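Thanks, everyone. Please have a look at it first.

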Amino acid sequence: MSVSAERSESRSKGQETAHRVRKAALKRFASTGYAAVSMREIATDVGVRPGALYNHFPTKQDILKDLMLTHMAELLAAWRSAVFPVAMDPLERFVRFHIRYHLERADEVFISYMELRNLEPENFRTVEKERRSYEAVLTSILEEGSAAGRYDVEDPKVTTRAIIAMLTGIPTWYREGGRLGEHEIGDLYLTMVRKAVAPEEKDLQRENG
């Protein structure tokens, strides 16, 4: 085997191990919480010696940061590539996308929101920057909708965080096979969101009168 082939194989094995580390850490963090998990436990789950983890992630904090940044990068990429009916209102697009995406990734959602408190300051700022990029999507929708008279929002940024917090809480209680399906949940939450930003009746009468 040539030197380049050996390097390629080694790189491939390293990427595979790093993927297994992320997967094991994700499961552990979501199950028992970041603070209660040790690098040794993650190494045991992966099937390697603890020292082998440090070739990929120098600290447990690096794993947490990586998981959060990966979640945000994939979330933003999924939003950019999402396809919606042409006539669908932008707010409905966001609500239905957010619910569907997050229900399929309950562990990632739990960690990305509940474990923010365990990020070191510099890592928190890095992750928070990506979170703000996603929030900006909804803020822009609310600002443009308000300007067009479709919504009535006093503070788009605060409203954005309130809506996202409400939608992101769904995976904590929703269970597949329950009384309501994903689409029904989407309908109910969409109605609540619309009511929260709906123009007051007098504003509509003034606009139409």
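Start with a definition: the expected span of a helix is 1.5 Å times one less than its number of residues. Helices themselves are DSSP runs of H or I with at least four residues, strands are runs of E with at least two, and both are numbered from the N terminus. Now the ground rules. This is a predicted model, where local features need pLDDT of at least 70, side-chain atom pairs count only at pLDDT 80 or more, and totals for chains, interfaces and linings use all residues. Residues are numbered from 1 along each chain as its sequence is written, and side-chain values use heavy atoms, with hydrogens and water left out.

Take helix α8, residues 156–168. Its 13 residues should span 18 Å at 1.5 Å a residue, and the end C-alpha atoms are 18 Å apart, so the two agree. Which residues of α8 are buried? Buried means under 20% relative accessible area, exposed over 50%, and partly exposed in between, with a 1.4 Å probe and protein chains only. The buried ones are Pro156, Thr159, Thr160, Ile163, Ile164, Leu167 and Thr168. Down the axis of α8 they fall within an arc of 155°, so they line one face of the helix. That arc is taken from the directions from the helix axis to the C-beta atoms. Val158 and Ala165 are exposed, on the face turned away from the buried side of α8.

What covers that buried side? The cover includes α5 (90–103), α6 (106–114), α7 (121–147) and α9 (182–197). Contact here means heavy atoms within 4.5 Å.

Zoom out. The protein chain has ten helices and zero strands. Of its 209 residues, 39% are buried. Among contacts with a separation of 6 or more, 66% come from residues 24 or more positions apart.

Next, the cores. A nonpolar core is a set of buried Ala, Val, Leu, Ile, Met, Phe, Trp, Tyr and Cys residues joined through side-chain atoms within 4.5 Å. The largest has 31 residues, and Leu91, Phe94, Phe97, Tyr134, Leu138 and Leu142 have the most contacts inside it. Helices α4, α5, α7, α8 and α9 each supply at least two residues of this core. Helix α5 gives the most, with seven residues. Leu138 is in contact with Leu91, Phe94, Thr160, Ile163 and Ile164, leaving aside neighbours within four places in sequence. Apart from this core lies another, of 23 residues, among them Ala18, Tyr34, Ile42 and Val127.

Gln61 sits in helix α4, residues 60–81. Why does Gln61 count as buried? Because its relative accessibility is 6%. Its side chain makes a polar contact of 3.1 Å with the side chain of Tyr34. A polar contact is a pair of N or O atoms within 3.5 Å; within protein, one must be able to donate a hydrogen and the other to accept it, and residues adjacent in sequence count only if both atoms are side-chain atoms. The backbone oxygen of Asn118 also lies 3.1 Å from a polar atom of the Gln61 side chain.

Then Glu128, in helix α7. Glu128 counts as buried, at 13% relative accessibility. Its side chain makes polar contacts with the side chains of Arg131, at 3.1 Å, and Arg132, at 2.4 Å. Glu128 and Met68 are 60 residues apart in sequence, yet 9.7 Å apart in space, C-alpha to C-alpha.
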